[in-house]
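Work through the exercises below with the sequence and the model side by side. Each task is followed by a stepwise solution.

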Amino acid sequence: MANVDSGKLIHLSLFFPLLLSFHFKISESSAHIYPSQPFHDVGNSLLLYGGSEGIFASSRSFIRFENITLWRTNDLQRKGRNGLVQAVIFEASDRNNIGGSAYGGQRSICCTPDLAKLQGCKQGEIIRIPSAHDPNWPILLRARFKGKTLSAKMEDTEILIKKTGMYNLLFISCDSKLKGLKMTGKTVWKNPEGYLPGRMAPLMKFYVYMSFVYLLLSAVWFFQYLRFRKDILQLQHCITVVIVLGLLEMVFWYLDYANFNNTGKRPLALTTWVVTIGAFRKTVSRILILCVSMGFGVVKSTLGGLTSKVLLVGVTYFIASEMLDIAENVGIIDDVSGRAKLFLVLPDAFLDAFLILWIFTSLSKTLEQLQMKRTSVKLDIYRKFSNALAVLVVASVAWIVYEVHFKATDPFNERWQTAWTITAFWDVIAFVLLCIICYLWTPSQNSQRYAYSGEVDEENEEVQSLTGGKQDGDISLVKLDKNTDSDTEEDIEEDKRE
């Protein structure tokens, strides 16, 4: 029954990316698209979040407004009142230049009668304080409803970016009678080298380097793999699969980013399948480490009753990882609420913690078995593996602490230029661990010595390790037995003489 359920889960996991690609119908691009989005009450204003991007200063960097149209309700149209809607663009360091407070009270975005007296702002409009770096910033754009018109169009314009920073765009109306206001249109954000957002741009070069090192690892591994193909273990077949998946993932991530950077469009199908390859690689990698820790193919020939449990955990992890990566990479993260993000992150984090605990528990048992059987060659390999794994887990925990600190102390993403290292670290740590496994279990003429083949073969393995791994180990044993018999006969002769 467990095997049937596992089979169904595997088929579901393979079909899952297709379901997701049908669900998400809008492909991400450098344009922030507003498909009839509503404004929300925020303080004394109606507000719509237009997006935020890290942009490098250049004559080729800009934020362009295209077909931004405001729509009010039919009731307001019939009343025929005028109404103002403003767009404000500001750099994160100038966030305090938007809004103000009277007598130390609650901060307001829109100018109130008291603030008009204190700060000289214009009542019914956004409070804007000129930036110390450039008095023209923050930039305000306007669209006004006139008479009984149902819509108001904001002028198409292009704002050049002359200072590197994290830029934010807000659409605000200080007219409370415009409730029910909606907006359509788009804004296009561009960096000097292309449409790739500033925080993602370094990752494109990073994936080039990672593709190269994976290619180098693949060349070395496959040379050994083909050279000793007659002595390959099942474990080494699994390592080969992980190397291929890692190489494909890095190459496709680069192609995805390069296409996005050049065209300003990110095809949904390409991104979805890149994410799927990544989720599958992470799943296979974790299952491989778990199987190695259990001693599969070394201490035991099969996983026995644990096979269905390992498959179940693997399929569950793949689905959780796929959902999280889809949410983070397919361009819908801004539409996912904080609770929804937490809903996606928690299962992935819980499964990772569970797998780490299972891996170290299994590794401890495997080391005990190898010590009891006194198989020094295998024991030495597993000790090196456990030490390396412990170091990488400690490094990962330290990085998680740094990542939490990084995000907690940077609520406005002002350190966006180094944010790419958060993602890059996990790819590097996965590659380092893969290299360690490849080094410890590299294909060689002695590969079969590390394979499980019963108690007798393990005793022979010990003798081979002591005799330098010679192929005539059995002849040596025969000679040893003959010498022992001759010594016994000499002892009997001496006893008779006595």
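**Exercise 1.** Classify Glu 158 by its relative accessible area, then find its salt-bridge partner Arg 64 and classify that residue.

*Solution.*
- Step 1. Glu 158 has a relative accessible area of 40%. That makes Glu 158 partly exposed (buried is under 20%, exposed over 50%, partly exposed in between; 1.4 Å probe, protein chains only).
- Step 2. Glu 158 forms a salt bridge with Arg 64, with the closest N and O atoms 3.2 Å apart. The term means a side-chain nitrogen of Lys or Arg within 4 Å of a carboxyl oxygen of Asp or Glu.
- Step 3. This pair links distant parts of the chain: Glu 158 lies in strand β9 (residues 157–160) and Arg 64 in strand β5 (residues 62–71), 94 residues apart. Strands are DSSP runs of E, at least two residues, numbered from the N terminus.
- Step 4. Arg 64 is partly exposed, at 24% relative accessibility.

The model is predicted: local features need pLDDT of at least 70, side-chain atom pairs pLDDT 80 or more, while totals for chains, interfaces and linings use all residues. Residues are numbered from 1 along each chain as its sequence is written, and side-chain values use heavy atoms, without hydrogens and water.

**Exercise 2.** Which residues are linked with Arg 64 in a network of salt bridges?

*Solution.*
- Step 1. Arg 64 also pairs with Glu 66, the closest N and O atoms being 2.7 Å apart.
- Step 2. The network links Arg 64, Glu 66, Glu 158 and Lys 186.
- Step 3. The whole structure holds 17 salt bridges.

**Exercise 3.** Are Glu 125 and Lys 122 buried or exposed?

*Solution.*
- Step 1. Their salt bridge has its closest N and O atoms 3.7 Å apart.
- Step 2. Glu 125 is buried, at 11%, whereas Lys 122 is exposed, at 58%.

Key. Helix = DSSP H or I, 4+ residues; strand = E, 2+ residues; numbered from the N terminus.
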